[in-house]
Amino acid sequence: MAELTPPPSPAASAVTVYLALGGNMGDRAANLAEAIRRLGAAVEIDAQSALYETAPMYVTDQPAFLNMAVRGTTRLGPLELLRFLKEIEATLGRDLGGLRFGPRPIDVDILLYADRVVTEHDLEIPHPRMAERAFVLCPLADIAADIVHPVLNRRIDALRDEVPGRETVVRIAETL
């Protein structure tokens, strides 16, 4: 596969980001591993959650997902990071115009970008649906339990402990 070239880095200091990764098509674990490898071009990953198998949400007639979360630092701004993640998804076979919430080989979402709140046409940070998603909060709590959601003003582990659907999120491995 062709290597991705990260977009030019703005002259800014590195910020901590939390990303959610998931997929339910093809070799799910290999897709996650390749996405993490490609992230390294612009995000220095310093923590990974355990690996979880999760039931699909919203569109339920599809295979189970593998999900995880990572923490890293980047010098990319929020929109540049989003463009970089979409390039990774497309390169790994995701149809970016496909069924919303449908099957995909890889999905990479920005959950948190430092403690910033971003509202752009194509991007909302913190991720607007993370607090309703057990498949996001369970892995995220592995690496960010004490982080406070900058809008809800609640710790990630507290959000995880209250989210419906935790029983559909099964830890299958401590590492990828």
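Predicted model: local features only at pLDDT ≥ 70, side-chain atom pairs only at ≥ 80, totals over all residues.
Of the 176 residues in the chain, 45% are buried.

Two packed helices are described by the angle between their axes and the distance between the axes. In this model, helix H1, which covers residues 28-39, and helix H2, which covers residues 78-91, have axes that come within 10 Å of each other and cross at roughly 140°. Because angles over 145 degrees count as roughly antiparallel and those of 65 to 115 degrees as roughly perpendicular, H1 and H2 are described as oblique to each other. The crossing in which H1 passes H2 is right-handed.

Contacts between residues that are separated in the sequence were also examined. Ala47 is part of strand E2, which spans residues 43-48, and Ala47 counts as buried because its relative accessibility is 15%, where the limit for a buried residue is under 20%. The C-alpha atom of Ala47 is separated by 5.6 Å from that of Val70, although the two residues are 23 residues apart along the chain. A second pair involves Leu140, which is found in helix H3 and which counts as buried, with a relative accessibility of 0%. Between Leu140 and Ala69 there are 5.4 Å in space, C-alpha to C-alpha, while the two residues are 71 residues apart in sequence.

Side chains of opposite charge can pair when their charged atoms come close. The structure holds twelve salt bridges, among them one between the side chains of Arg28 and Glu53, with a distance of 2.9 Å from N to O. This pair links distant parts of the chain, since Arg28 belongs to helix H1 and Glu53 to strand E3 (residues 51-54), and the two are 25 residues apart. Arg28 is partly exposed, with a relative accessible area of 23%, and Glu53 is likewise partly exposed, with a value of 30%. Another salt bridge joins Arg104 to Asp107, where the closest N and O atoms are 3.2 Å apart, and here both residues are buried. The side chains of Glu162 and Arg154 also meet in a salt bridge, with 2.8 Å from N to O. In this pair Glu162 is exposed, because its relative accessible area of 54% lies over the limit of 50%, whereas Arg154 is partly exposed, with a relative accessible area of 30%.

Several features of the backbone were identified in loops. The peptide bond that joins Ile125 and Pro126 is cis, with an omega of about 0°, and Pro126 is found in the loop between strand E7 (123-125) and helix H3. Ala114 has a positive phi of about 50°, although this residue is not a glycine. The place of Ala114 is in the loop between strand E5 (107-113) and strand E6 (118-120), where Ala114 counts as partly exposed, at 36% relative accessibility. A positive phi is also found in Asn153, another residue other than glycine, for which the value is near 55°. Asn153 lies in the loop between H3 and H4 and, at 62% relative accessibility, counts as exposed.

The loop that holds Asn153, between H3 and H4, also contains Leu152, the helices on either side being H3 (134-144) and H4 (156-162). Leu152 is partly exposed, with a relative accessible area of 39%. Together with Val117 and Val151, Leu152 forms a nonpolar patch on the surface, and the three residues have about 260 Å² of accessible area together.

Note on methods:
Residues numbered from 1 in each chain as written. Heavy atoms only, no water. Patch = residues over 30% accessible without salt bridge, like charges linked within 9 Å, V, L, I, M, F, W, Y side chains within 5 Å. Areas by Shrake-Rupley, 256 points an atom, 1.4 Å probe, with all protein chains shown as cover. Salt bridge = Lys/Arg side-chain N within 4 Å of Asp/Glu carboxyl O. Helix = DSSP H or I, 4+ residues; strand = E, 2+ residues; numbered from the N terminus. Buried < 20%, exposed > 50% of the residue type's maximum accessible area, 1.4 Å probe, protein only. Axes fitted to C-alpha atoms, helices over the stretch in contact; angles between N-to-C directions. Parallel < 35°, antiparallel > 145°, perpendicular 65-115°, else oblique. Left-handed = near helix turned anticlockwise from the far one by under 90°.
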